[in-house]
Amino acid sequence: MYVATKGGERAIEAAHRWLAEERRGDPDVPELTVAQIREQMTLAVNRVMAEGSLYDRDLAALAIKQSRGDLIEAVFLIRAYRTTLPRFGASNPVATDDMAIARRVSATFKDAPGGQVLGPTFDYTHRLLDFALLADGDPPPADMRPADPAPAPHVLQLLDRDGLMEPLPGGDVPPGDLTREPLAMPADRPVRLQALTRGDEGFVLAMAYSTQRGYGRTHAFVGELRIGTCAVEMEIPELGFAVEIGEIELSECETVNQFTGSRKEPPQFTRGYGLVMGQSERKAIAMSLVDRAMRWEELGEEATGAPAQDAEFVLYHADNIQATGFLEHIKLPHYVDFQSELELIRKLRRAAAEARQEVRDDRA
Amino acid sequence: MTGYTFAYLDETTKRMIRRAILKGIAVPGYQVPFASREMPMPYGWGTGGVQVTAACLTPEDRLKVIDQGADDTTNAVSIRKFFERTAGVATTTRTAEATLIQTRHRIPEEPLTEAQILVYQVPIPEPLRFLEPRESETRRMHALEEYGLMHVKLYEDIARHGAIATAYAYPVRVEGRYMMDPSPIPKFDNPKLSQNAAIQLFGAGREQRIYALPPYTDVVSLDFEDHPFEPTRAEHACALCGACDSYLDEVLTDDDGGRMFVCSDTDFCTRRRDDGHPGRRGTDPTT
């Protein structure tokens with residue numbers, strides 16, 4: 001018999017309690033601490049910080065714990081928290097030239113001032129399950145060596161000196177902010193870069209990959225990939241000078257791409273840029289490829305109709321919190337709209353059946 | 001709840017939203033971009049409606065929240081609870097008692113008054129979206145009143161099916177100017193959009209748009225002279241209150257084709273039953 005859907009409130013409360021129990025798992029197994037997640041799930045923490053647009057390792061780790069390891073859910077928790085925070089101002093642009101480098105590779109030059117630093121990378125690990133990790137135990141300590149005191153200028157700057165790189169467009173216009181102003185088309189490059197660095201890693205990766213396979217090909221070389229910590233400085237109006245307020249880890253990727261040129265100007269290499277919070281190099285590389293692909297118009301290239309070149313397509317679909325919300329909302333009740341569709345299809349079928357009957361009657 | 005401002009959003013954000021609402025009221029049916037915030041519930045759950053409600057609520061308000069016409073669907077319960085916690089406002093399930101009603105997919109059966117605001121949750125605010133996916137293009141089409149594409153779509157429906165094959169989110173024209181998506185309400189509800197005494201506000205959080213219908217606005221559902229607009233409902237009486245003029249939900253009662261039809265507007269149905277209008281199955285929804 002029909003029971004009206006009373007008790008929604010009780011169901012919600014019960015579901016939340018059950019969820020909390022599931023999150024905890026078997027109580028005989030010790031509970032994960034936020035510090036453990038922060039220290040041992042660092043790349044997950046980095047992803048949540050980058051896509052959540054909030055640099056706070058402890059909160060990202062907490063969000064991962066609360067979301068049972070669902071990273072998009074964790075990003076969502078961080079975004080919803082972030083939006084309630086007061087905004088004091090903007091920092092100075094971060095000087096990635098002065099980065100304390102943990103990893104730095106260039107695919108375009110065998111060596112460059114500052115050297116190549118492999119750093120903590122999976123690149124040359126053989127992907128064999130390490131069954132030793134089933135047991136507890138600390139790994140043997142890594143060799144230590146003092147950091148190279150020589151400055152490590154950006155590799156692309158060195159090409160720039162010879163006039164081979166397109167100049168970096170400067171400007172005093174403060175960059176827009178997607179979290180404070182609605183996205184409008186056409187979006188300028190700072191807004192596009194913000195959308196990409198907040199965007200879903202999987203989406204940005206797939207877009208970048210598509211350019212490599214020919215959908216808007218840009219012939220990218222990784223001029224430089226650098227990962228390390230940078231000081232964040234802020235102008236304090238009362239003091240009249242900039243003060244260091246903290247340090248953040250960043251992954252930065254600059255690509256060198258095929259050139260533009262005209263009769264008046266000699267050919268120059270063009271740039272793609274990726275900058276992501278934390279050690280997130282896959283994302284940084286992917287971002288730089290998609291950035292370059294979206295610059296086709298300003299560089300006078302032909303539109304090929306490739307998805308990654310289509311800024312409107314990329315920017316409106318890169319955000320996983322928007323995407324997952326709209327995708328998952330279709331599980332909410334839609335009785336009313338479905339009922340209207342039911343009435344319509346029954347009516348159309350009745351009309352079609354009557355029409356067929358008339359044809360049969362005419363023939364008879 | 002401590003630590004948050006009244007109705008969750010900070011005052012600067014509420015002011016920004018109110019400005020968008022005022023602009024929307026000044027230009028009925030026009031989609032005003034606004035800097036939608038990330039809310040503590042997912043996009044698609046009514047973040048646009050929730051932000052509009054938060055910007056309109058005052059401590060004296062009495063709030064009603066419905067989803068599919070019902071006060072007790074889980075998401076309606078959840079949103080009502082959110083405002084009970086963050087704004088501490090009184091709530092009600094009675095349409096007539098509410099000063100602000102947030103809704104998803106329905107307009108209440110009972111006529112609204114000048115003292116009421118109706119807030120719609122909107123998934124896709126752009127009526128032309130499924131004909132033209134580009135926002136840059138649809139904004140231009142609205143600016144130029146270039147709505148021929150929609151008429152062609154409706155005509156093609158008639159050519160293929162003999163009728164306009166849109167049953168909900170049926171497009172309307174506001175005061176002879178902007179084409180508007182009324183949110184996914186069944187087209188049965190479309191006539192209530194027009195000349196409504198209440199302020200009608202539409203919030204699309206993910207799409208960052210707000211639009212509005214001031215009281216007594218002319219809203220016309222698109223049609224053709226020889227295929228006039230037709231609001232439709234299931235051809236039944238409500239099994240609980242006997243109403244023949246309300247929008248009905250179809251409920252499957254067994255696995256042998258058994259079904260019953262009941263009012264989707266739970267408050268409307270309850271009032272009728274209280275007033276002694278039994279349906280075919282009596283008045284008790286639990287039997």
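Colleague: How many residues of domain 1 of chain A are in contact with how many residues of domain 2 of chain A?

Modeller: In this predicted model, 12 residues of domain 1 of chain A are in contact with 15 residues of domain 2 of chain A, where contact means that the C-beta atoms, placed from the backbone, lie within 7 Å. Local features need pLDDT of at least 70 and side-chain atom pairs count only at pLDDT 80 or more, while totals for chains, interfaces and linings use all residues. Residues are numbered from 1 along each chain as its sequence is written, and chains are lettered from A in the order in which they are written.

Colleague: Which helices supply the side of domain 1 of chain A that touches domain 2 of chain A?

Modeller: Helix H3 (42–52) and helix H5 (71–82) of chain A each supply at least two residues of that side, and the largest share, 6 residues, comes from H3(A); helices are DSSP runs of H or I with at least four residues, and strands are runs of E with at least two.

Colleague: What makes strand E7 (178–180) of chain B an edge strand?

Modeller: Strand E7 of chain B pairs on one side only, as does strand E10 (219–221) of chain B, in an open sheet of 3 strands with the order E7-E6-E10 and antiparallel pairing.

Colleague: Why are strand E6 (residues 172–174) of chain B and E10(B) said to pair?

Modeller: Two strands pair if DSSP finds at least two bridges between them; 3 bridges join E6 of chain B to E10(B), and therefore the two strands count as paired. Arg173(B) stands opposite Val220(B) in E10(B).

Note on methods: Two residues are in contact if their C-beta atoms, placed from the backbone, lie within 7 Å.
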